[in-house]
Amino acid sequence: MFLRFLTKRLLYVIPMLFITTFIVFSFILLIPGDPALAILGENASDENLAQLRAQLGLDQSLLVQYWNWLTSALVGDLGESFFTGESVQEAVFSRMGITFQLVTTAIVIAFVFGTTLAIVSMMKPGSWIDEFARLVSTMGTAIPNFLLAMLLLAVFSLSLGWLPATGFISLFDDPIGFVRSVLLPSIALGAVGMAQITRHMRSALIEVFETDYIRTAFSKGLSVRQTIFHHGIRNAILPVVTTVGILYGNLMGATVVVETIFSIPGIGQLAVDSIMQRDFAMLQGVVLVMVVIIIVINFATDIIYSLLDPRIKYE
Amino acid sequence: MSKRETLLEINNLRAFAEKTGEPRSQLVNSVNFRIDKGEIVALVGESGCGKSVTALSILGLNAASIEYESESEIRFHDENLLQLSDRKLRKLRGNDISMIFQDPMFSLNPLKKIGKQMTEALLQHKAADVRTARQDAEKMIERVGITDPKRQLDNYPYQLSGGMRQRVMIAMALLCKPELLIADEPTTALDVTIQAQILEIMKDLQQELDVSILLITHDLGVVAEMADRVVVMYSGQVVEEADVYALFEQPLHPYTNGLLTSVPTLEGESDERISAIRGTVPSPQELPKGCNFYDRCTRRTDRCKKEEPLLTNHGGRNVACWHPVVEGVKDDERTAIRN
């Protein structure tokens, strides 16, 4: 049953991948600028330029170029960087690993703090923590992430010197170093998400508290706290799961700015560099991996949904 | 009828809601009645007359915006429930007094197994362990006519029909052997055939467990089927209280009278129109000075406009009316009500 759902979903992914990659491929060619010119420089002769274009396959039609890319991509070869000649899939995967760790940390921070704030403010309406939750959810949306990033950097790295200002250490190499290097950028990245999650969870909890089954719970003699924990949270968290899924995609895009400010060699930076250098092969690889990740996250969201709500059965 | 012990007594219940910038709404205005041990009392009235507010005030489950006047009193075991601390009230809820609601589709948590929801009150009040609580739950849902209880306890609410869910609600409410069960329109949302079954189950269990029931309804058929005594509410007030036979035999308040005559009968001519009480209920924000029923009444006089009638004893029954219907309804009055 579940297997059938899985295969159906995967079959649905295939046309999606074709369409997105083709769109991206055409868009990339619309970007002004010539990769050959970018590589050889202003003074290159027309002959050399033409030769390089032929070498890179840029002299062929769009469809042929896409077909060439696609046939090698299907066998796991995303090509080589126009510039450095390094393998696209290797570069993309190593950068993606970094970004994935960063974004996931940001999501975890946003989710844990966002839901906790919402729950506590529900338990004590009108208290200072309730006011604080409201402040956070407004500020988080109002302050742009680049500003927050620079603020955090200025205070905690440059003035106080508590945390490193730049660089990234992988979780798998050094967990403590990872936390230290990822804390500020992930807060900067996750603040908007935390604000969104706090707000959504708060309104979801308020909505749930108006339902009949909450009244039933109270009529059984449960306290507010018990009612929130045994009946409120699981019902209220369902819409928040959707928010988190969407947030993941958003943060994958927003990470460009934060990675640049904190000099983290993630996929965002790779994307920016590839665009600047007209490194189309690399850019196409970046986009492909991003699309795949977002599809996987949507899929995971659906699975989590079915785990939380017994009424949802995928067949 | 022998005099029974009083279980719960509501004296002078007045509840209002006040929002800033809006006039105060008087939701319940001088409600007085009692429930005896082992008795089924029906609380009757149209929507918005304050019957649900009255019922929810017993368990302190009204919205926080609803407040009570200081002289209001709901007496249960020598305590005024309106002044009980939240902790003490919680010990009462689901244990001494429990409640079932109108719509069984929404009164169970959709994400929790039936068994988990049923045992919650037991675990809360009776210090039972999970296993014995589950066994108790099994026995109880078998008693309300659910077959294969073991399997049903592992089901989620969406896997059960509306009637089944209401059975579960009843079983859940009676699990701690409460003294009073408040049933707020328990059959309104159900099919007619299921309604009868649910009522029968309630009546059987009421006798078996000797529990009192406060049955809130607007369905006079349900009242006739179930109740020992009837309390009629209109626009936030109790207008009549009587033994069920006496009430159906001879209603005293013109409103009760109107309600009974508005029930369609099979006798009479087929083109006869169903009689209705003309007019509408006054807004709780601007109640009249005199009788609340004045605008719609067929027996009104000047006195009704100026003075508010209080609930008074009238031949062993209570009625709040200056001109109760005593000698039976005259024919010209029936037509006047019909209009």
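Before the details, a word on conventions: residues are numbered from 1 along each chain as its sequence is written, while chains are lettered from A and ligands numbered from 1 in the order in which they are written. Because this is a predicted model, local features need pLDDT of at least 70 and side-chain atom pairs count only at pLDDT 80 or more, whereas totals for chains, interfaces and linings use all residues.

Let me start with chain A, whose secondary structure comes to 12 helices and 0 strands, where helices are DSSP runs of H or I with at least four residues and strands are runs of E with at least two, numbered from the N terminus. The C-alpha trace of chain A spans about 85 × 55 × 35 Å along its principal axes. Of its 315 residues, 36% count as buried, a word used when 20 or more other C-beta atoms, placed from the backbone, lie within 10 Å of a residue's own, with exposed meaning 12 or fewer and partly exposed in between.

An unreviewed UniProt entry places the feature "transmembrane region" at several spans of chain A, among them residues 98–120 and 132–156; such annotations may be inferred rather than shown by experiment, and their positions are given in the numbering used here, with feature names shortened. Residues 98–120 of chain A are 100% helix, with end C-alpha atoms 33 Å apart, and residues 132–156 of chain A are 92% helix, with end C-alpha atoms 22 Å apart.

Turning to chain B, we find 8 strands in an open sheet of mixed pairing, in the order β7-β8-β9-β3-β10-β11-β13-β12, where two strands pair if DSSP finds at least two bridges between them. The edge strands of chain B are β7 (97–100) and β12 (312–314), each of which pairs on one side only. Within the sheet, 6 bridges join β10 (residues 229–234) to β11 (residues 237–243) of chain B, and these two run antiparallel, with B:R229 standing opposite B:D243.

Finally, the contact between the chains takes 17 residues from chain A and 23 residues from chain B, contact meaning C-beta atoms, placed from the backbone, within 7 Å. On the side of chain A that touches chain B, α9 of chain A gives the most, with 6 residues.

Notes:
Contact = placed C-beta atoms within 7 Å.
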